[in-house]
Every structure is written in C-alpha cells, then in structure tokens.
Amino acid sequence: MNLRTFLLGTCSAVALAGLAQAETLTIATVNNGDMIRMQKLTEEFTSKNPDIELEWVTLEENVLRQRVTTDIATKGGQYDIMTIGTYEVPIWAKQGWLLPLDKLGPDYDVDDLLPAIRSGLTIDDKLYAAPFYGESSMVMYRKDLFEKAGLTMPEAPTWDFVADAARKITDKNNEIYGICLRGKAGWGENMAFLTATANAFGARWFDENWKPQFDQPEWKNALEFYVKLMNDAGPPGASSNGFNENLSLFQTGKCGMWIDATVAASFVTNPKESTVADKVGFALAPDTGLGKRGNWLWAWNLAIPAGSQKADAAQKFIAWATGKDYLKLVAEKEGWANVPPGTRTSLYENPEYQKAAPFAKMTLDSINAADPKNPAVKPVPYVGVQFVAIPEFQGLGTAVGQVFSAALAGQMSVDQALASAQQLTTREMTKAGYIK
Amino acid sequence: MARNVSTQRKLVTTVVAWAIGILIFFPILWTFLTSFKTEAQAIASPPAFLFFDWTTENYFEVQSRSNYFKHFMNSVVVSFGSTLLGLLIAIPSAWAMAFAPTKRTKDVLMWMLSTKMMPPVGVLVPMYLIFRNTGLLDTRTGLVMVLTLINLPIIIWMLYTYFKEIPGEILEAARMDGASLAKEIIYVLTPMAIPGIASTLLLNIILAWNEAFWTLNLSAAKAAPLTAFIASYSSPEGLFYAKLSAASTMAIAPILILGWFSQKQLVRGLTFGAVK
C-alpha cells in the first residue's frame, strides 16, 4: 500500500465517520402559524449545527394527539421531539414517558419562563417540556358596536356586565349577535370554555375525594347562565360552533363579543383576514366576584420521549426553538407581532413587542391570572384550569361536552344535562378506581 | 324494442339525474373553487361562487411548505403496490373458490369479510407493536403489506363473483388439452376475466389511495402518503380553508384523473355479469 492509497483511505474513513455522526431528528408538530414559521426558520439552526438534520411531521391536532400517544405508549420511537399540550405533560411525565430537560444550556434562562406556564410543565422540580407558545383566554369585543350601544368595556368585566352588554348589542335582523361562545362538543372545544367559566362561578369538576360535583348549585348556575345567554344573544346553531366557526363569525363582523384563546387576537386584528381588524378591543375573561376568572391556560410544548437515542441533539434543538434568541430571530425576519407569545417574561418587558402587539398586556395579564394548581374557588384534587389532568379526562370531557351541547341546542333541559353528566362521570370515575 | 318514453318524462329524468350528479360532485367543486380564493374570501358570507379574485397563491404556499412529490410517490407506490400484490394472491384463491368449491367455501368467504367488521382502531396497538418489532414502521413496504391485507377480502370477493360468471367448461377444456394449473389461470381464466380484474384493480387503487387510518398511523416522515399531506393542512385553531382546499385538490387530482380515463372499464366491470 503506498502513501497515497493510505491517505485516501484515511480521508474516506474520516468522511464516513462524519456522515455517521449526522443525526436526523424527527419532530412531530401541529399545524398552526407559529409552528409553520419555525419550520421555515430552521435553516438558522441547521447551519449552526451541521451535524443535525431535521425532519418534520405536521399533523392536525387530534390526529397528532392520537399518533404520538400510540407511539409513546408502545415506545415506537418514531419521533425524537413531540409537540404536546399542557394536558399531556404532567400525565406522561408521571408515566415515565418523557425525559427531563436538564441540558438546555447555560444561556437558556429557565427563570425567564412565565411562572404560570412553567409550573404546569414541572413535576418534582424537573422541567419535562419546554413551552413554545402559550395562551390564555380573554374577551375580544367590537369597540364600534359598544360605542353605538353607549357601553364602555371595563378592563376586568363581570359576567353580569358581559351578559347585559351582549343582549343590548344583539340585532338579529342585521345578523349581529352580542356574544359568540363555543358550543361544539369536545373536551378541547366547549368543555375547555365551560370548565374555565365554571371556575369563575365557583364550580369544580371534583371535590377533594374525587366525587363529581355536577349536582351542586354552582354548576347549575353556570350552565343555566350560559344556555340562557346564548339563546338570547348568541348566533343560531351555536351548539356546533367551535374555535374556527366563531373566528369566522367574528372576522365577518357578526359577533359583538367573543371569549376565546388569546392566540385569536393576532387573527382578528389582521386586516388581510378580518373585516373588523381595526375595531377590536380586548378585556380579561369575566368573573362573578368570587375571586376566579374564567380564563384558561394552555401551551404547546416541545418534549422528548423517554428512550430516545438522540436526546442530546433533541435538547439542543429545543433550547434553540424555545430560547430567547429565537424570539429575536422571528422579530428580525417577520416582525415583533409574529413572535410566539406567552412563554417568556422578557418578551413582555420588551418595548418593541409592546408597541407591535396591542394585545400583549392583556395576554400576559390573562396568563398570569390563571393558576393551574388552584383553578377553582374551592379546593380540588387535580391540576388544570380548563381540563383535569388525568388520563380519563379526554373521554369524560367529551361525553359531558356532548350532554352540555345538547342542552344548548335545546334537546334537553339544563337539569337533565347536569344529572346525566353527574351519572356518567360517577360511573367512569368509579370504574377507574378514583371513587372507592 | 325500446319502450316508448315521452319527451317530458325524458326531460324530468335527465334533470333529476343531473341534479343528483351535481349534488354529489358539489363538495369537490367547492373545494376546487375555494383553493383559488384568499383565506378571507374562503370564509366570506355570503360565499362568493365564481366572481372573486382568482389566485394561485395557495398552491405556491402549499408547494413551498411541503414536499408534494415525495408524498405523491409514496401514495403511488403504496396504492399500486398493495393492489398488485393483492391481485397476485387473490386470483388463485378466487379461482379455487369459484371452480373448486368445498363444503366450507361459503364460510371461508364470510370469515374473510368478517375481518372488515371490526373497527381498525381495535387492533392499532398490536399492529403498531408488530411493526415496531419488525422495523416496518414508517416504511413503504410496511404500508403496502397492511393495505394488501386490508383490501384482500374485497379483492377476493369481487374476483370470486366475476369468476363465477365464467363457464367452468372452458377451463375444463383447457385442462383436457393438457394445460397445467398455472397455465390455465394465466392463459385462459385471466384474459376472460380482464374487465372484472381491471375494475377490481381500479377500485382497489382508489380505496388504497384514500385509506387514511393506517397510512396516517403507521407512517411518520419517510413513508407518509398524500393522506398525511392533507392532514398537515387541517387546523382546529386558525382558518386555513383555502390552503387546505389547495392541498386536497392536489391530493385527489391524480386519482380523479385516473378514474376519469378509466371510467368505461370501471362501469363495465362493476356491471359485469348483470345480464345473463
């Protein structure tokens, strides 16, 4: 073997070793604006980390949930990073399905994460998922319609004020409805809104011994209030309206108020999509004077399934995607208004962001007002504001949601709906062993 | 002799037939039209039918965001692959059931159909584990296998009904002339059953193309076909109907065109044996 062959051989061996080191991370994510933007910006990450390649699997939220749950429960290992909600994180972390994020690097500044969001992702003082964007709920209202009716929206309205205003604004002949609220059945649809609202009315899903509470007067007040208000001042067919249906109604000028996710603020104020972009005001989700507001708390987070062979590279990517520099990068490329909201304190202290996003303060106040560990007026055994963080909740929430949606549609009375909810929840919770 | 049908009656029948046809086709037409609208026009109320600013922006957006061609190729491989593999298995078994029936043939046919009676999610976890352990997750081979198994009962049933129409005496004659079993199937039976085989082939390609449960659940990044491509444009939070429509149009266009060109075969095959 002469020297040249030897050198050539060494070179190719080194090159092969280099190739072998290039890792491909498969990332499962949902289809929403912020995530799509991240996909477009990942070149910034791969150019700094040439040894890591990224492959994206974007799916609709419910499909994604089913897909990643199957994979993680069977340890299928198809994904190195998963996008999961605040509902899954505590459940999966307790099952030992997620790796704690302990190598995010010195620049990550964990303390900068919003406390309300961070607490939902921390189990036994370990962070199991990093928030990519966070949201709460708030009131979006039409300033012009309020002015016409001689009303002024307070920064922190009560439910009585909201209901009164909704009835005054309603002009059914001109297809203007005072209030648009979710009615479509589903644990993440009407039950997200109703569970959060029930908190403001002093209701709770379970008492300290996991006994369902739908037979209590607080739930009756809340549900009666909601059904009556929607019958008087809501759009027709509200029992099939979810986030998207209400968004479309609001954007086409048919709603006086809409109480929903803070992330909607950037849609309804976008003149390209919304006909009422310059007429929208924001207020905190209403209360009833009992000390809790009906605003929820949700975040989409990046997490690493246990057993991942590429955990170090995955943590590197998560640190990049949820770090401070990423926010700056988005601001540089797409403007401050498009930065993923609701994760970091420093973002809300940034004067440029405050200027570009008129809804910034309201979003921050709404997120801070939510307390997932003490969501209701009375003590509860569970974590979660608009959900109960137990594996059974997806099924339970949807079943109860169907009954409440039927009450809204007038197919059964409020009393019947509550009795049925109480019965089915008691049955399921007994079967699952919570009620002895 | 044809029946004497009054012009009025003809007119009514024609109008009704067209009305039903348009009603069935309308969602596809609407998807197609929406794909050329802006997101704001897509949700406009009252909706604009034809008079809006036509734009191809959504198609560019979809093209720049995802690799359509990769998903398309996966769909082609998976749907054609599973159908051809299925035919290879189904032709001999349908032959056996049609021309050499036993006491239990009817039961076997029913048993095969019974596998279609369980909701697929019931076997998702065991299937997922098998795929994981055999390294078939997110591979085209895996998807071809699972779709073959899923469509096999339908293929066998369809072929069985077509083969039943063919007189067994012809096959017997071939046998008398010394044709082996393989030759009998390949040179005598198959050519006679071409219309039936063609329509089975087409129908199963369409079924496999549209199959969304297994293709979504057993694929991730590499083998994901067009069903995953559409699913990536659906969003519960945010109105992206125009982009979703563009993605849907791109996903159904190939199979729609295939169906268009082969509709003669398809109709002839489906009504094959109706007149004796």
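A helix, in the sense used throughout this talk, is a DSSP run of H or I that is at least four residues long, numbered from the N terminus. In that sense Gly397(A) sits in helix α17 of chain A. Please keep in mind that everything I describe comes from a predicted model.

Let me stay with that glycine for a moment. Gly397(A) counts as buried because 26 C-beta neighbours fall inside 10 Å, where 20 or more are required. If we set aside neighbours within four places in sequence, the residues in contact with Gly397(A) are Trp187(A), Met191(A) and Phe387(A). Gln411(A), by contrast, is 14 residues from Gly397(A) along the chain, and the two C-alpha atoms are separated by 19 Å.

Helix α17, spanning 393-408, also belongs to the surroundings of my next subject, helix α9 of chain A. Helix α9 covers residues 217-233, which is 17 residues. From first C-alpha to last, α9(A) reaches 24 Å, close to the 24 Å expected at 1.5 Å a residue.

Which residues of α9(A) are buried? They are Glu218(A), Trp219(A), Ala222(A), Leu223(A), Tyr226(A), Val227(A), Met230(A) and Ala233(A). These residues cover an arc of only 165° around the axis, and therefore they lie on the same side of α9(A). The face turned away from that buried side carries two exposed residues, Pro217(A) and Asn231(A).

What do the buried residues of α9(A) pack against? The partners in chain A are the helices α7 (159-169), α8 (190-200), α17 (393-408) and α18 (414-431), together with β7 (177-180).

Ala198(A) has its place in helix α8 of chain A, and it is buried because 26 other C-beta atoms lie within 10 Å. Not counting residues up to four places away in sequence, Ala198(A) touches Ala203(A), Trp219(A) and Ala222(A).

I turn now to backbone geometry in the loops of chain A. Asp125(A) is not a glycine, yet it has a positive phi of about 65°. This residue is found in the loop between β4 (122-123) and β5 (126-127). Is Asp125(A) buried or exposed? It counts as exposed, because it has 6 C-beta neighbours inside 10 Å and the limit for that class is 12 or fewer. Glu175(A), again not a glycine, has a positive phi of about 55°. Its loop runs between α7 and β7 of chain A. With 13 C-beta neighbours inside 10 Å, Glu175(A) counts as partly exposed.

A further pair in chain A involves Glu44(A), which lies in helix α2, residues 33-48. Glu44(A) is partly exposed, with 14 other C-beta atoms within 10 Å.

Next, chain B. This chain has 14 helices and zero strands. Its C-alpha trace spans about 70 × 65 × 30 Å along the principal axes. Of its 276 residues, 34% count as buried. Among the contacts in chain B between residues at least 6 apart in sequence, 80% join residues at least 24 apart.

How do α3 and α13 of chain B cross? The axes of α3 (57-65) and α13 (241-261) come within 9 Å and cross at roughly 75°. The two helices are therefore roughly perpendicular to each other. On the α3(B) side the contact is made by Asn58(B), Tyr59(B), Glu61(B) and Val62(B), and on the α13(B) side by Ala242(B), Lys243(B), Ala246(B), Ala247(B) and Met250(B). By class, this contact has six nonpolar, one polar and two charged residues.

I close with the interface between the chains. Here 26 residues of chain B are in contact with 30 residues of chain A. On the chain B side, the elements giving two or more residues are α2 (39-42), α6 (124-133) and α11 (213-217). Of these, α6(B) gives the most, with five residues. By class, the side of chain B that touches chain A has 15 nonpolar, six polar and five charged residues.

How values were computed: Residues numbered from 1 in each chain as written. Chains lettered and ligands numbered in written order. Predicted model: local features only at pLDDT ≥ 70, side-chain atom pairs only at ≥ 80, totals over all residues. Axes fitted to C-alpha atoms, helices over the stretch in contact; angles between N-to-C directions. Parallel < 35°, antiparallel > 145°, perpendicular 65-115°, else oblique. Contact = placed C-beta atoms within 7 Å. Nonpolar A, V, L, I, M, F, W, Y, C, P; charged D, E, K, R; others polar. Expected span 1.5 Å × (residues − 1). Arc of directions from axis to C-beta.
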